[in-house]
Amino acid sequence: MRVHLVVAAKRAGAPLPPAVLDAAREAITRAFPVPAEAVTAREWRSAAGDTALLSWSNEPEGHGLPIVCSNGGRVAGLTGHLAEPGEVDRLLGAPRLGEAAARTGGVFSVFRAGEGEVSAATGLTRACPVFYAETPDVHVAGSRALLVHLAARAAETGSSRPEIVWDLPAMESMLRAGYFLSDETPFLGVAALRPASEISVTGGRRTITVSPLPDPREVPTSRRGMRAQIDELADALLAAVRPLRNTPEPVRLSLTGGRDSRLLAALLYKAGIPFVTATSGHDDNPDVVLAARVAEALRVEHRVVRPKRSKSGTELVVPHPRVRGHNVLFACEGMLSAYENIPGGGPYDPTPRMSGHGGEILRGGFLQNQADPDPKAIRRRVNSLFGKNADLLTEEAREHARALAAPWQERCREDGAGALDHLYLTYRVGRWHAASRASLLRAQNPVPPFLDNLVVRTALSIDPLWRRSEAVIHDVIGAFAPQLRDIPVEGTPWRFTAESTDRTLMDRLRLRLRLPRRARPAETAAPKAAAPRTFDPASKAWNWRTTPSPELTDRMYAGIVGPHGALTAGGLARVVDEDGVARLPESRMDAFWHLYTVSVMLTDAFADPVAPDLPPLHIPLPA
C-alpha cells in the first residue's frame, strides 16, 4: 500500500506551518494500518517551502514504480497501478492531470507536486480515492481521509497531535447503507474527490475540475455492430491484464459461481496468464460447487477455503464483533460496515490477486439487480437507496439523506437507466469498493481489470440496458472460454434468456443468437448427471452475519446503546433515534452491523492501532 499527502500554502511563497507536516508524520501510525517497522517514507518540499509531497509505502523494494517519481521539475506518487508503468512520465508532464489520468490504463490515483503547485487526480471509478480539505492557511489532499483531516486540523490548531472532529450528519448514509452514498467522510471538512476529477493548487488558489463520464452509444441494429462493441470491451479487458504475463507467481483468483469472477477466469485463460483459484464456503455452497466446475473446465487448480469450525463441528468460529469493528475502522477509516468481511493485515505479498468485485459495471451498475427498468420503478429504487433504514434516524439525518438524493432523483426524470448506471460507479464503486480496496492494498496486490480506466470507458460507452441484459458479458465469456457455456451461473439465470421487458432490444439479441422466442441456451439448464453433486444453483448459502443469535446480537446491541456505546456516550443521538433502535427487529441484521460500526468508530476514535484481545464467538451452525 502507498499513502500520499500533498500540502500547499494559500499564500504563495509562505512556508508551510511546521505543525502540519509534524502532524502528518505522527498520524501515519493511525492512518496507515500496517506495522510501522515495514514502512518506508519519502518527502519532497519546494525551494520556498510552500508545497510538499509526503509519501509512505510498505511494499517491498523493486515492486512496481518507485514510491516517488520525478521528471521535469515535478514529483509524483501513485496509489494502485498503471497498466503501462512508463505512462508515469506522461502524467508528470500533463497540463491537465485529471483528463490524462482518466484516459490512462490502470487503477490508480496520482498526487503531483512542483514549485508553487500541487495537484491530485482520480480515475474514472475513484477506486483509489483522493480526499481533500481546506483551512484558512493551507490546502491538503491525500489518499487517506484521516491523514488529510489531522493535517488540516494541525494547520487550524497549531498542534501536531490534534483531536478528531466528527461530521455526524454525514454519517447518516453509513448508518443506513453501510457505506457513504455521498462525497462526505466521517471527518469534518474532508471530502472525497469525484470520479474523473482533478484538484489543483497553483499560487495558493485551488481549482477542482470534473471530466464528464462517457455517453453511451445506441444499441446496434445488426449482429456485426453488436459484435464490434463486444470486441472493443474484450480488447480493453485483455489490455488491462497484459502486464501480468510476466508475473513470477500465478494470479490468485477468488472464484465463485457467479458471472463476474467467471469472466475473470475466462479472461486470464484467454490471455495465457497462469492463475489458480480458490472459493470460500462449505462444500455444499453453490459458489463452491460451480467454481469447481469452472476451474475443472479451464484445467486450473482450485481449492476450497472452509470457514473455521469448533472442535465439535457444530459451531462456526468467528471474530468478536469488536475485533471486526476495529479492523474495518483502521483498514477502511470507518467508511465501510463491519458486516463486510475485511481481511486482516500482515506482511505485504506482491502476488497479483483478483476477485469479481466491481463487475456490475459491465452489467449496468445498479441496473443489474433492478427487476423493472421502467422509469417510475427506477425512481423508486433511487428513493430506496437514499431512504433505506431511515426509520432509525433523527429528522435532521433524514433531511440530510433527502438532500443527497435530490440531484439523482432529478437525473432520473431525464435518464433513469443512466442515473442508476452512474450512481453505482460514483458511490458503490467510488465509495464502497474504494474502502474495501484500501483494506486489501495494505497487505496484497489486488489487480481489478473491471475498474481499469480504459475498460470502464469502453463499458460506459455501451448502452446500459444492453449491459443489463447480460448478453454482453455472456458473449465475452463465450469468446474467451467456450467450454464454460454449459456451466450454470449461481442464482438467477442469464437475464437475456429469462426476461423480455424491452422487446426491441431482446428481439435484437434473439436475432443475433438465432434463438426462437422463449428459447433458452444450454447454460440455463440443470447440471448434467456428471456434475459433482445435485443442487439448486439458485439456492442461497447460510450467512451467520444475517442470522440473529444472542451471542452476537447482545454484544452488538450493548456496543450501541450500552453505557460505553456511542448512542449514550459518543454523540450519536444527534443522528440516530434511540426509540427506533429499540424497535429494530433482529431480522434487520444489516442495520445492527452498520450502527455498531459507527459506534465503535466514535468511541474508539482511532486511539489504538492494535486490535483488542477478545475471544472469538461460537455461532451454532444450522442443522
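**Figure 1. Strand β9 is covered on both of its faces.** On one side of β9 sit Val138, Val140 and Gly142, on the other His139 and Ala141, and all of them are buried. Here "buried" means under 20% relative accessible area, while exposed means over 50% and partly exposed lies in between, with a 1.4 Å probe and protein chains only. Five of the five residues of β9 (residues 138-142) are buried, so the strand is largely enclosed by the rest of the structure. Strands and helices are DSSP runs numbered from the N terminus: E of at least two residues for strands, H or I of at least four residues for helices.

A word on what you are looking at: this is a predicted model, in which local features need pLDDT of at least 70, side-chain atom pairs count only at pLDDT 80 or more, and totals for chains, interfaces and linings use all residues. Residues are numbered from 1 along each chain as its sequence is written, and side-chain values use heavy atoms, with hydrogens and water left out.

**Figure 2. Strand β9 pairs with β1 and with β8.** Two strands pair if DSSP finds at least two bridges between them. Strand β1 (residues 2-9) runs antiparallel to β9, with five bridges, and here leucine 5 stands opposite glycine 142. Strand β8 (residues 131-134) is also antiparallel to β9, with four bridges; look for alanine 133 opposite valine 140. A hairpin of three residues leads from β8 to β9.

**Figure 3. Five strands line up in an open, parallel sheet.** Read across the sheet, the order is β15-β14-β13-β17-β18. At the edges are β15 (302-305) and β18, each of which pairs on one side only. Strand β13 (residues 251-254) is joined to β14 by four bridges in the parallel sense, and arginine 252 faces valine 276 of β14 across this pairing.

**Figure 4. Glycine 281 sits in the loop between β14 (275-280) and α8 (286-298).** With 8% relative accessibility, glycine 281 counts as buried. Which residues does glycine 281 contact, leaving aside its neighbours within four places in sequence? They are Val288, Val304, Val305, Arg306 and Pro307, where contact means heavy atoms within 4.5 Å. The C-alpha atoms of glycine 281 and valine 304 are separated by 7.0 Å, although the two residues are 23 residues apart along the chain.

Figure 5. Glutamate 333 is buried, at a relative accessible area of 2%.

**Figure 6. Cysteine 332 is buried in a structure with zero disulfides.** A disulfide is a pair of cysteine sulfur atoms within 2.5 Å.

**Figure 7. Helix α12 (residues 453-460) is mostly covered.** How many of its eight residues are buried? The count is seven: Asn453, Val455, Val456, Arg457, Thr458, Ala459 and Leu460. Their cover includes α3 (97-102), β6 (106-114), α6 (223-241), α11 and α13 (464-468).
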